[in-house]
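Subject: Structure handover

Hello,

Here is the structure I promised to pass on. Please open it next to this email and follow along.

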Amino acid sequence: MPLVNPLPANHDLETKELADFFNETLGFCPNSVLTMQHRPLISKAFINLNKAVMKNEGKVTSALKRMIAWVSSNATGCRYCQAHAIRAAERYGAEQEQLDNIWEYKTHPAFSDAERAALDFSLAASQVPNMVDEKINDELHKYWTEGEIVEMLGVISLFGYLNRWNDSMGTSIEDDAVKSGEKYLEKNGWNKGKHL
């Protein structure tokens, strides 16, 4: 049972209008946003931050941003966000082979060296204590501009917020997110955990 129950989608009309963004991303408005509506300034600020972070201004694709989110969520253990991130990666055109082998991104041939550098950055930046070091820095700068690195860290930081929010809240996971989790992640031990 969640710490705080989500409110109906039409509770705050401004949030509802902004939340249309998630119909493209996930196919539904996430319960995390519906819970944030208990304080509409938080739900609206979060959606606007999400839109800004996920806007593509360089070579970091929408699919890669969602895989970065998955690696970050996997590092922190948030099963809710893992399922959402893999679902969004699928909806934004990640290659089937990448979706099927996201757990093995470090060695699987479906991932380029540039993608590995981005995903290694996500893993290092999501750990406590933070593990971003000179090697991560050097690898990132081989493939990505400073603006692109800012975009990546925006995703990692956004999901740091979401991982804390959803794991602490015990946010109830939506059926479509469960289907994506089961399709791509269950073979490696993913389950709903506390997100019933």
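Below is what I found, grouped by region.

One caution before the details: this is a predicted model.

**Aromatic residues**

There are six aromatic pairs in the structure. Start with Phe-22 and Phe-46. Their ring centres are 6.4 Å apart and their planes sit at 5 degrees, so this pair is stacked. The pair joins distant parts of the chain. Phe-22 belongs to helix H2 (residues 20–25) and Phe-46 to helix H4 (residues 40–54). The two are 24 residues apart. Both Phe-22 and Phe-46 are buried.

Are the two residues buried or exposed? Phe-46 has 5% relative accessibility, so it counts as buried. Tyr-161 has 34%, so it counts as partly exposed. Setting aside neighbours within four places in sequence, Tyr-161 is in contact with Met-36, Ile-42 and Phe-46.

Now the wider group. One aromatic cluster is formed by Phe-21, Phe-22, Phe-46, Tyr-161 and Trp-165.

Elsewhere, a charged residue sits over a ring. Arg-66 lies over the face of Tyr-92, 4.2 Å from the ring centre.

Two packed helices are described by the angle between their axes and the distance between the axes. Two contacts of H6 follow.

Take H6 with H11. Helix H6 (residues 79–91) packs on helix H11 (residues 175–184) at about 85 degrees, with the axes 8 Å apart. H6 and H11 are therefore roughly perpendicular. H6 contributes Ala-83, His-84, Ile-86, Arg-87 and Glu-90 to the contact. H11 contributes Asp-176, Ala-177, Ser-180, Gly-181, Lys-183 and Tyr-184. By class, this contact of H6 with H11 has four nonpolar, three polar and four charged residues.

Next, H6 with H10. These helices pack at about 130 degrees, and their axes are 8 Å apart. That angle makes H6 oblique to H10. Arg-79, Tyr-80 and Cys-81 of H6 make the contact with Phe-159, Leu-162, Asn-163, Asn-166 and Asp-167 of H10. The contact of H6 with H10 divides into four nonpolar, two polar and two charged residues.

One more residue of H6 deserves a look: Ala-88. It counts as buried, at 3% relative accessibility. Not counting residues up to four places away in sequence, Ala-88 touches Thr-25, Leu-26 and Arg-66.

Lys-44 is in helix H4. What is its burial class? At 15% relative accessibility, Lys-44 counts as buried, because the cut-off is under 20%. Leaving out residues up to four places away in sequence, Lys-44 touches Asp-12, Glu-14, Thr-15 and Leu-18.

Ile-156 is in helix H10. It is buried, with a relative accessible area of 5%. Beyond its neighbours within four places in sequence, Ile-156 is in contact with Ile-68, Ser-72, Phe-121, Ser-122, Ala-125 and Ser-126. Ile-156 and Asp-100 are 56 residues apart in sequence and 22 Å apart in space, C-alpha to C-alpha.

**A cis peptide bond**

Most peptide bonds are trans. Which bond is cis here? The peptide bond from Val-128 to Pro-129 is cis, with omega near 0 degrees. Pro-129 is found in the loop between helix H8 (113–125) and helix H9 (134–143).

Over to you.

Best wishes

Key:
Residues are numbered from 1 along each chain as its sequence is written. This is a predicted model: local features need pLDDT of at least 70, side-chain atom pairs count only at pLDDT 80 or more; totals for chains, interfaces and linings use all residues. Side-chain values use heavy atoms; hydrogens and water are left out. Rings of Phe, Tyr and Trp (its six-membered ring) pair if their centres lie within 6.5 Å; planes under 30 degrees apart count as stacked, over 60 as edge-to-face and the rest as tilted. Helices (H or I, at least four residues) and strands (E, at least two) are DSSP runs, numbered from the N terminus. Buried means under 20% relative accessible area, exposed over 50%, partly exposed in between (1.4 Å probe, protein chains only). A charge sits over a ring if NZ of Lys or CZ of Arg is within 6 Å of the ring centre and within 35 degrees of the ring normal. Axes are lines fitted to C-alpha atoms, for helices over the stretch in contact, and angles run from 0 to 180 degrees between N-to-C directions. Angles under 35 degrees count as roughly parallel, over 145 as roughly antiparallel, 65 to 115 as roughly perpendicular and the rest as oblique. Contact means heavy atoms within 4.5 Å. Ala, Val, Leu, Ile, Met, Phe, Trp, Tyr, Cys and Pro count as nonpolar, Asp, Glu, Lys and Arg as charged, and the others, Gly among them, as polar.
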